[in-house]
Amino acid sequence: MEADRVIRALSALAQEHRLAAFRLLVQAGEQGVAAGVLAEKLDVPPSSMSFHLAQLANAGLVTQRRESRSIIYSADYAVMNGLMGYLTENCCGGVPCSEDAACLPSPQRKSA
């Protein structure tokens, strides 16, 4: 994943309602959730929810499809996994981390 796409994705997620909507879409799976349902669940006006979903779509984090009168949004798992991979590719000095061990900074590294 290229740095500019990572920056767009992280920027889109750096807002409370967009992050909450994305998390709900990840939980919903491939069938997705209608925009109106997301707005209700998050207690956000529908027009605001549409704006937030457009930001997530522009960042490539969600896909949309029309079903009758509703627009259904789904998380794009390939993009999400690419983002996670980008963020963790140098974790543990490039050595795969075990599932039960957290990645901790090496004692030799200095914090910024």
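Start by selecting H52, which is buried, with a relative accessible area of 8%. The cut-off for that word is under 20% relative accessible area. Keep in mind throughout that this is a predicted model.

Show the side chain of H52 together with that of R18. The two side chains make a polar contact, at 3.2 Å. H52 sits in helix α4, and R18 is one of the buried residues of α2. These two helices are the next stops.

**Helix α4**

Select residues 46-58, the run that makes up α4. This helix has 13 residues, and from the first C-alpha to the last it reaches 18 Å, close to the 18 Å expected at 1.5 Å a residue. Now colour M49, H52, L53 and L56, the buried residues of α4. Where do they lie around the axis of α4? They cover an arc of only 100°, which puts them on the same side of the helix.

**Helix α2**

Move on to residues 16-28, which form α2. Again there are 13 residues, with a reach of 18 Å between the first and last C-alpha, close to the 18 Å expected at 1.5 Å a residue. Colour R18, A21, F22, L25 and A28, the buried residues here. Look down the axis of α2: these residues fall within an arc of 120°, so they line one face of the helix. The face turned away from this buried side carries E16, R23 and Q27, which are exposed.

Next, look at the two ends. At the N-terminal end, select Q15 and H17: Q15 caps α2, with a side-chain oxygen 2.7 Å from the backbone nitrogen of H17. At the other end, α2 is followed by G29, whose phi is positive, near 80°.

**The nonpolar patch**

For the last stop, switch to a surface view and select M1, L10, M84, Y86 and L87. Together they form a nonpolar patch on the surface, with about 440 Å² of accessible area. Which helix gives the most to the nonpolar patch? Helix α5, residues 77-88, does, with three residues. Y86 has its place in α5. Is Y86 buried, exposed or partly exposed? At 31% relative accessibility, Y86 counts as partly exposed, because that class lies between the cut-offs of 20% for buried and 50% for exposed.

Definitions and conventions
Residues are numbered from 1 along each chain as its sequence is written. This is a predicted model: local features need pLDDT of at least 70, side-chain atom pairs count only at pLDDT 80 or more; totals for chains, interfaces and linings use all residues. Side-chain values use heavy atoms; hydrogens and water are left out. Patches are made of residues with over 30% relative accessible area and no salt bridge: like charges are joined within 9 Å, nonpolar side chains (Val, Leu, Ile, Met, Phe, Trp, Tyr) within 5 Å. Accessible areas come from the Shrake-Rupley method with a 1.4 Å probe; for residues, only the protein chains shown count as cover. A salt bridge is a side-chain nitrogen of Lys or Arg within 4 Å of a carboxyl oxygen of Asp or Glu. Helices (H or I, at least four residues) and strands (E, at least two) are DSSP runs, numbered from the N terminus. Buried means under 20% relative accessible area, exposed over 50%, partly exposed in between (1.4 Å probe, protein chains only). The expected span of a helix is 1.5 Å times one less than its number of residues. The arc is that of the directions from the helix axis to the C-beta atoms. A polar contact is a pair of N or O atoms within 3.5 Å; within protein, one must be able to donate a hydrogen and the other to accept it, and residues adjacent in sequence count only if both atoms are side-chain atoms.
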